[in-house]
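Here are my notes on this structure, as numbered points. Please read them with the model open.

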Amino acid sequence: MIGITSYGAYIPRLRLSRSAIFQAVGWFAPAVMAVAQGERSMCNWDEDSITMAVAASRDCLTGQKKETIDAMFLASTTLPFADRSNAGIVSTALNLRENIFAADVTSTQKAGTSALVSALDSLKGGDKSQILVAASDKRETKAAYFYEMWFGDGAAALLLGKDNVIAEYLGSYSISCDFVPHYRGELKRFDYTWEERWIRDEGYSKIIPQAVSGLMQKLNFTMNDVDKFIFPCFFKAEHKKIAQTLGADKKLIDNLHEACGETGTAHPLMMLVSALETAKPGDRILVAGFGQGCDALYFKVTEEIQKLSPRKGFKGHLSDKKTIHNYEKWLVFRELISKEMGIRAEAPTQTALTTLYRKRKMLLGLVGGKCRECQTPQFPKMDICVNPKCGAVNSQDDYEFSNIKAKIKTFTGDMLAVSLDPPQKYGMIQFEGGGRFMADFTDCELDDLKVGLPVEMAFRIRTLPSSSERGFTNYFWKAIPIPQPEQAVEIIRFDGRVAIITGAGGGLGRQYALDLAKRGAKVVVNDYGGSRDGSGTGSASPAEKVVQEIKNLGGEAVANYDNVATVEGGEHIVKTAMDTFGRVDIVINNAGILRDKSFTKMEPENWYSVIDVHLNGAYHVTRPAFKVMKENGYGRILFTTSAAGLYGNFGQTNYSSAKMALVGFMNALKIEGMKSNIKVNTIAPLAGTRLTEDIMPPDVFAKMKPEYVSPMVLYLCSDECKETGAVFNVGMGYANRVCVMTGQAVNVGNQEQLPTPETIQEHWEKINSLKGAKEYFDLNTAMIGLFTSPPAEEKQVEHSSAKEGLSVEGIFEMMPKSFNPEAAAGVAVVFQYEIAGDGGGSWIVTIHDKTCKVEKGKSDNPTCTLKIAAPDYI
Ligand code: NAI
């Protein structure tokens, strides 16, 4: 059996409202009102017949093997190249094998069905077993014309073959005659069209029935043997009348005028795809394509249609739309009005055909490399692996990026760059599994872009199409943002990361485990399962329960029941992570017990057991994990302190000491971890758990959900977190930072005159004052602070700049000092910076007359807006 094995469609996202056309041109051409219903599909400025054919073909190849395709036909009358295989561009973009037959089928509106007949017949008789047929058209019309209303842009694709046939090909019949309803003469952009009445009466009404009757006679069937009758005809009344004459008015498939308009050579295939989407096994479909004559084909749908993998198809593309009411935009995109593009548009855009050929896979097929040694993907493919830890030479296999999901890392809207749809939008995209590059964004407005938003790749025109005097259209891949419901944008993810959480069988730890797993982390759920005061022999069930909860959510986790209070327990927890998941990226020291007693009743047993779980427990687990992290050059460690330690609480000398000791532990470890990208931070949570249930009033307890604490924990454990050595209070919807502040040093003596208790008393007010107090990152800077008295500058130094020398605000302050006036000669620009996240805000940088002015706030009229997350900006 031969026939259709898969189908796909593409309708550009943009739709032009026909009433907008009428409103703009109705004064001049009032008659167009008659067909001004619905909307027509409209290519973005960077789309043409080639890009749409690629999109429809990719839709068609969903779930299909493309390695076995051995021919590709591209049908269109609007191909950008008169002498260059347009089908060759499509097959390279699709990354099909090179030893295939590729051909353009063109010069008539029935090119789509003609390509289909040729492909099916060559499957029947020839040595080919799988053929891809795509038909695509972007027809140009002059403004204020019926055809501007009737036409639409779009593409459809069919995969034909011998296995898994969804619609069996039963035969075809063709009429070929030189009937000319319109023609496009040599080097003409627009069609010359003959009188419509003649086209209807002598063309459609006679030639289509002739081809259909010929087919019925040839294959010996009648209209009773047809369930769906398809033929394009934009004359609505005629469309119905012809079907009626043939006894098929109830079987007629809509000509899609209101939905998208007639898509030229693609239209019979587009209507066929729309019919296949609703077809049931056994349905018989008759398709006719009208041009200089007519092709009629007959198919029977099989059971296989139910097995076809889901795709966007005709319906999906139809509903994914953005309606435009701006007729002038249409005129600009179609180059129907001449506009001033500025001097920058004259920049040379010549494509070196040598490079294009050499790098065809990369430029047209978006093929990068993947290292055989370390599996790191990269774009472009290079001789040396990009992974600094690998650096293997000549280790790259081809790796296709076009179907891999990506997310926006950074983006900008550039009003200075030449664009038909300003501002020019571009930025960094990060592919799932690795690989990133600077991409243009298309089919979107600047406001649609957000860091973390998923994007899909689309094959598009790279630079302004006809502005090039060489008539060469160049293509590359761009990113289209996929709109998400606001809350679904997850910038912070833990895919591929392994987290150890101690005491995760309940309370706060359980919440961290669930939330980390939901965002992709593999989790070691440790819990000894003892009572609140740590007594008892332990139990496996709390950890196991949480692991099951994670698995039910589709996550990955392993349970561990070790006691953190022992050296072996800590080592075995880390070993569990290594044995199960092969690495450790995150350690959350959370396990805890309480043994409250007033100090005189604080027996050594209560003291030591609390110190053992909180302080020694953190040491036992963190030490073996830290070794692994250092080797990996990555780590996130979190300690859990408490307000009882930070500020003091009655009856908790043991607990407060252990908790405050963890802050000291962090202070030293942060320095040891710095070189290896290991960030160490501490939280003081506040949450309703079994540790706090009897000390909080029930109504307050109910509001203290662990869910309020977990987001801070996840942030501190994420790649995005650049903080290290900081302590945060967090709970009940609030968070703030806690730090050790050091007052200004007061000089109380020197070698000649040593201080006395009296000198101390004399200076007590100043020594005891926190006026002008500072935070120091480590002992060394604190000591320098002690000896430089009084500090040269009274101004408080920004926290992160004190630590790393850089903050968002600090960089803006430095900007005018680093400014090179000569390099900015003749430049007048207003940059609007929108920095998101910690330390972020809005800044305006104005470059004018060789000066650079930086101010906080929002400009009314920026030349260029840059939206960047604070860590990336830094
Ligand atoms: P929780 O009692 O619900 O959770 C602590 C978990 O640690 C329990 O599941 C327990 O079985 C486990 N655990 C105890 N000893 C262990 C050991 N030796 N080895 C392995 N697991 C062990 O209490 P919660 O509130 O979730 O506490 C989590 C952390 O937060 C603790 O470190 C606690 O001190 C700290 N904290 C909690 C506050 C709150 O408001 N809930 C306030 C300040 C700090």
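Predicted model: local features only at pLDDT ≥ 70, side-chain atom pairs only at ≥ 80, totals over all residues.

1. Start with N394. N394 sits in the loop between β16 and β17. Its phi is near 50°, a positive value in a residue other than glycine. Most residues other than glycine have a negative phi.

2. N164 also deserves a look. Its phi is positive, about 50°, although N164 is not a glycine. The residue lies in the loop between β7 (154-161) and β8 (167-176). Is N164 buried or exposed? With a relative accessible area of 53%, N164 is exposed.

3. Return to the loop between β16 (377-378) and β17 (396-400), where P380 lies. Which residue does a cis peptide bond join to P380? The partner is F379, and omega is about 0°. Most peptide bonds are trans.

4. A cis peptide bond also joins P422 and P423. Here omega is about -5°. P423 is in the loop between β19 (411-414) and β20 (424-431). Please check both cis bonds, F379 to P380 and P422 to P423, in the display.

5. Now the charged pairs. Side chains of opposite charge can pair when their charged atoms come close. The structure holds 44 salt bridges. One of them joins the side chains of K381 and D398, at 2.5 Å from N to O. K381 lies in the loop between β16 and β17, and D398 in strand β17, so this pair ties together parts that are 17 residues apart in sequence. K381 counts as partly exposed because its relative accessibility, 35%, falls between the cut-offs of 20% and 50%. D398, at 41%, counts as partly exposed too.

6. The side chains of D421 and K329 form a salt bridge, with 3.3 Å from N to O. D421 belongs to the loop between β19 and β20 and K329 to helix α10, so the bridge ties together parts 92 residues apart in sequence. Both D421 and K329 are buried.

7. E140 and R334 are another pair to inspect. Their side chains meet in a salt bridge of 3.0 Å, N to O. How many residues apart in sequence are the parts that this pair ties together? The answer is 194, because E140 lies in the loop between β6 (130-137) and α5 (146-150), while R334 lies in the loop between α10 (327-333) and α11 (353-358). E140 is buried, and R334 is buried as well. The two residues belong to a network of salt bridges that also links R40, D153 and R189.

8. Which residues make it? They are Y183, Y192, W194 and W198, and the patch covers about 470 Å². Y183 is part of strand β9 (residues 182-183). At 44% relative accessibility, Y183 counts as partly exposed.

9. Next, helix packing. Helix α16 (residues 604-632) packs with helix α18 (residues 653-673) at an angle of about 15°. Their axes are 8 Å apart. Angles under 35 degrees count as roughly parallel, and α16 and α18 are therefore roughly parallel to each other. Their crossing is right-handed.

10. The axes of α2 and α3 come within 10 Å and cross at roughly 45°. That angle makes α2 oblique to α3. The crossing of α2 and α3 is right-handed.

11. How far apart in space are G293 and V628? From C-alpha to C-alpha, the separation is 73 Å. In sequence, G293 and V628 are 335 residues apart. G293 is in strand β13 (residues 293-301). Its relative accessibility is 0%, so G293 counts as buried.

Key. Residues numbered from 1 in each chain as written. Heavy atoms only, no water. Patch = residues over 30% accessible without salt bridge, like charges linked within 9 Å, V, L, I, M, F, W, Y side chains within 5 Å. Areas by Shrake-Rupley, 256 points an atom, 1.4 Å probe, with all protein chains shown as cover. Salt bridge = Lys/Arg side-chain N within 4 Å of Asp/Glu carboxyl O. Helix = DSSP H or I, 4+ residues; strand = E, 2+ residues; numbered from the N terminus. Buried < 20%, exposed > 50% of the residue type's maximum accessible area, 1.4 Å probe, protein only. Axes fitted to C-alpha atoms, helices over the stretch in contact; angles between N-to-C directions. Parallel < 35°, antiparallel > 145°, perpendicular 65-115°, else oblique. Left-handed = near helix turned anticlockwise from the far one by under 90°.
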